[in-house]
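Colleague: I have a model open and want to learn how to read it. Can we go through some features together?

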Amino acid sequence: MKMYGNWRSAAAFRVRIALKLKQIPYEETFIDLDAGDQHRPEFRAINPQGAVPALFDGDGPPLTQSLAILDYLEETRGGVRLLPEDPRARARARSLAQVVACDTHPLYVPRVRTYLMEAYGLPQARMMEFVRHSFTTGLETLEKRLSGEPGTGRFCQGDQVSHADLCLVSLWVGTRIFAVPTEPYPTVARIAETCLALPAFAEAHPLRQPGAPQA
C-alpha cells in the first residue's frame, strides 16, 4: 500500500494507526500542506479535493476519506479487528468516531481556517478562538457520552480498540498542537493515554513523522 499524508493531518494519523495495528506494510509520501502542495495539479489528479490521506492498494484509483479507508481496511484485511461484532456496539463505535471525524475535525482543517481569515478578515487570534471552540464542543460530547454510557470500558467501546479510539486520539493529540485545555475531560484523557501507550499509536504519532517539529 502507498499513502499520501502529512505529519499534522489528524485524518492521516487515524489511518496510520490502523495500518500499524493491522501490521499492514505501507509507504507514506508526505504532502507539505503549509507549502500548498495539496493544490498542485499532480496531487489534485490523485485527490480532486486536495486533502490527505489518499491510499493506494494495488491497481485502481486511490481511496480517500479516513472513515471510508478504515472501513475498507476492516473489510478487506485480517489481523486485529477494529469494529465490534455486535451490531449495536459497532454502531456506537462508529457514532463516537463520527463525533470527531464528521462533526469536529472538519471545522478546523487548514482550508476552513484559511477561507475564514481571507474571506472575512478574521484575525489569527480570533481564528484560534474558533478552533478551540470547535475542539471543546467535540471533547464535551465525547466526555459526556464516554463517562455516562455503559458501553465504555478500557477503551471507547468496551475493552478492545475500535475506530472510535483512533478518532479520539487524533483529536486528543490536536489539543496539544492548538493548546486546547483538557482538564474538564478526564474520561477522554484516560482513554487517550491508554491508547498512546500502545506501540502502534506511539509509532503513528504526528510528532514522530518526517517533517514534524521537535516538540
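Colleague: Is Y115 buried, partly exposed or exposed?

Modeller: Keep in mind that this is a predicted model. Y115 has a relative accessible area of 49%, so it is partly exposed. The cut-off for exposed is over 50%. Y120, at 60%, counts as exposed.

Colleague: How do I read the ring pair of Y115 and Y120?

Modeller: A pair of aromatic rings is described by the distance of the centres and the angle of the planes. For Y115 and Y120, the centres are 6.0 Å apart and the planes stand at 85°. That angle is over 60 degrees, so the pair is edge-to-face.

Colleague: What about F135 and F178?

Modeller: Their ring centres lie 5.6 Å apart, with the planes at 45°, so this pair is tilted. It links distant parts of the chain. F135 sits in helix 6, and F178 in the loop between helix 7 and helix 8, 43 residues apart. F135 is buried at 0% relative accessible area. F178 is buried too, at 12%.

Colleague: How many aromatic pairs are there in the whole structure?

Modeller: A search finds six. Ring pairs also link Y4, F43 and F56 into a cluster.

Colleague: Which helices do the buried residues of helix 6 pack against?

Modeller: They pack against helix 4, helix 5, helix 7 and helix 8. Among these buried residues are M127, V131, F135 and L142.

Colleague: And where do strands pair?

Modeller: Strand 1 (residues 2-5) runs parallel to strand 2 (residues 27-30), joined by four bridges. M3 has E28 as its bridge partner. With helix 1, the two strands make a right-handed β-α-β unit.

Terms used. Residues are numbered from 1 along each chain as its sequence is written. This is a predicted model: local features need pLDDT of at least 70, side-chain atom pairs count only at pLDDT 80 or more; totals for chains, interfaces and linings use all residues. Side-chain values use heavy atoms; hydrogens and water are left out. Two strands pair if DSSP finds at least two bridges between them. A crossover is right-handed if, with the strands pointing away from the viewer, the path from the first strand over the helix to the second runs clockwise. Buried means under 20% relative accessible area, exposed over 50%, partly exposed in between (1.4 Å probe, protein chains only). Contact means heavy atoms within 4.5 Å. Rings of Phe, Tyr and Trp (its six-membered ring) pair if their centres lie within 6.5 Å; planes under 30 degrees apart count as stacked, over 60 as edge-to-face and the rest as tilted.
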